[in-house]
Amino acid sequence: MGKYLGFRCIVCNEGFKENDDIVVCPDCGTPYHRNCWQKNNACVNHSLHAVGGSWQSVQNEYRKNQGGKECPNCGFVNLPDTKNCNSCGVALYPQEQQNSTAHHNAPAGITITTPDGKQHFFNAADPCCGMSPDDEIEGERLGDVASFVKTNTLYYIPLFKRFKETNRKLSFNLPCILFPYFYFANRKMWFMSILSGLLWIIISIPSVLLSMLEMLTDKSYMATLDINERLFEPLTAFLISHESLLEQLQIPCFFLGMLLRIGLCLFGNYLYFRFVIRSVKYIRQNAPTPKIKKMLLKTEGGTNIWNVLGCFGLYCGVIFFAFCILTAKTY
């Protein structure tokens, strides 16, 4: 049974477990849950049958490409972090080399323990994190989703799988509690970047105007900056006349800002998940050839630090424009 751990039944797409009753196609070797086999009463892996291929050979080749170790005894290709063959149990490394091999040659990644006590290794060099690129998430190939995410797939791909399998939407996104608009811009989510930025600017207006009033009424500070106070007398008078209202709005706006940040922190990853699925689906439906689809997945996805700088410039421009309008109305 150990040789099928980490693989999925192609009928129900559920991963094989230790005590599952498994049926294997006598022609191509594709494994099924017995109930799944009985539903069709035949192997449904027609692509392998058409070329006379072997399911095990396909999986061995895929695992070799991910850095898997071939068993010298039976030829079964194991996951990169496996010490004993999952098929025959033979040690894959001599005892005296196991410690050094694990330390020096093991691929970078993380090992996650699931609630059932099983450990799963995720290779940092594998964008699909040890899963088959042909697996589906919301109807889209996992390989296409990983190509679009492009960076930090070791974090996002397992998280996306959890969103799909558990139907949970909450997770923790630290950049979204600090600078959500910059996070969304970096991930090319312009709608969410502009929306969250504008909301934050509106919520910050009372605090910004009160700080401006404090600066304008501080004569020593204005003298230090060598600014003629008379130029801002109409603006100062306007702010003083509305000081009480601004103070009343400051505390509610502060709590609204905190709620906005906490909400985006908890749902930011899920919003990115939905954005990725929509984008991959749009590219798949509109790309004229597989080559162009592959190119679009890489160019339209990923991150872009220049977007962050552009976002920063845009918000500075909005604030400056608002300040100019406010100043003009006071004269």
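## Disulfides

Count the disulfides here (pairs of cysteine sulfur atoms within 2.5 Å) and you get 0. A disulfide is a covalent bond between the sulfur atoms of two cysteines. For cysteine 12, the closest cysteine sulfur belongs to cysteine 36 and sits 3.7 Å away, which is too far for a bond. Cysteine 12 is partly exposed, at 30% relative accessible area, while cysteine 85 counts as buried at 4%. The cut-offs behind those words: buried is under 20% relative accessible area, exposed is over 50%, and partly exposed is in between, using a 1.4 Å probe and protein chains only.

A word on the model: it is predicted, so local features need pLDDT of at least 70 and side-chain atom pairs count only at pLDDT 80 or more, whereas totals for chains, interfaces and linings use all residues. Residues are numbered from 1 along each chain as its sequence is written, and side-chain values use heavy atoms, with hydrogens and water left out.

The structure holds 10 salt bridges, each one a side-chain nitrogen of Lys or Arg within 4 Å of a carboxyl oxygen of Asp or Glu. Side chains of opposite charge can pair when their charged atoms come close.

Which residues pair with aspartate 144 in salt bridges? One is arginine 141, with the closest N and O atoms 3.1 Å apart. Another is lysine 293, again with 3.1 Å between the closest N and O atoms. Aspartate 144 lies in helix 5 and lysine 293 in helix 13, so this pair ties together parts that are 149 residues apart in sequence. Helices here are DSSP runs of H or I with at least four residues, strands are runs of E with at least two, and both are numbered from the N terminus. Aspartate 144 and lysine 293 are both buried, aspartate 144 at 7% relative accessible area. Arginine 141 is partly exposed, at 31%.

## Helix 5 and its neighbours

Helix 5 (residues 142–149) and helix 13 (residues 290–300) have axes that come within 6 Å and cross at roughly 40°. The axes are lines fitted to C-alpha atoms, for helices over the stretch in contact, with angles from 0 to 180 degrees between N-to-C directions. The two helices are therefore oblique to each other; under 35 degrees would be roughly parallel, over 145 roughly antiparallel, and 65 to 115 roughly perpendicular, with the rest oblique. On the helix 5 side, Asp144, Ser147 and Phe148 meet Lys293, Leu297, Lys298 and Glu300 of helix 13, where contact means heavy atoms within 4.5 Å.

Helix 5 is mostly covered, with 7 of its 8 residues buried. Among them are Leu142, Val145 and Phe148. Its buried residues pack against strand 7 (136–137), strand 8 (140–141), helix 6, helix 12 (243–286) and helix 13.

## A pair within helix 6

Lysine 161 and glutamate 165 form a salt bridge too, their closest N and O atoms being 3.9 Å apart. Both lie in helix 6 (residues 153–166), 4 residues apart, about one turn of the helix. An α-helix has 3.6 residues a turn, so residues three or four places apart point the same way.

Buried or exposed: which is lysine 161? Lysine 161 counts as buried at 4% relative accessibility, whereas glutamate 165 is exposed at 53%. The pair also belongs to a salt-bridge network that links Arg8, Asp135, Lys161 and Glu165.
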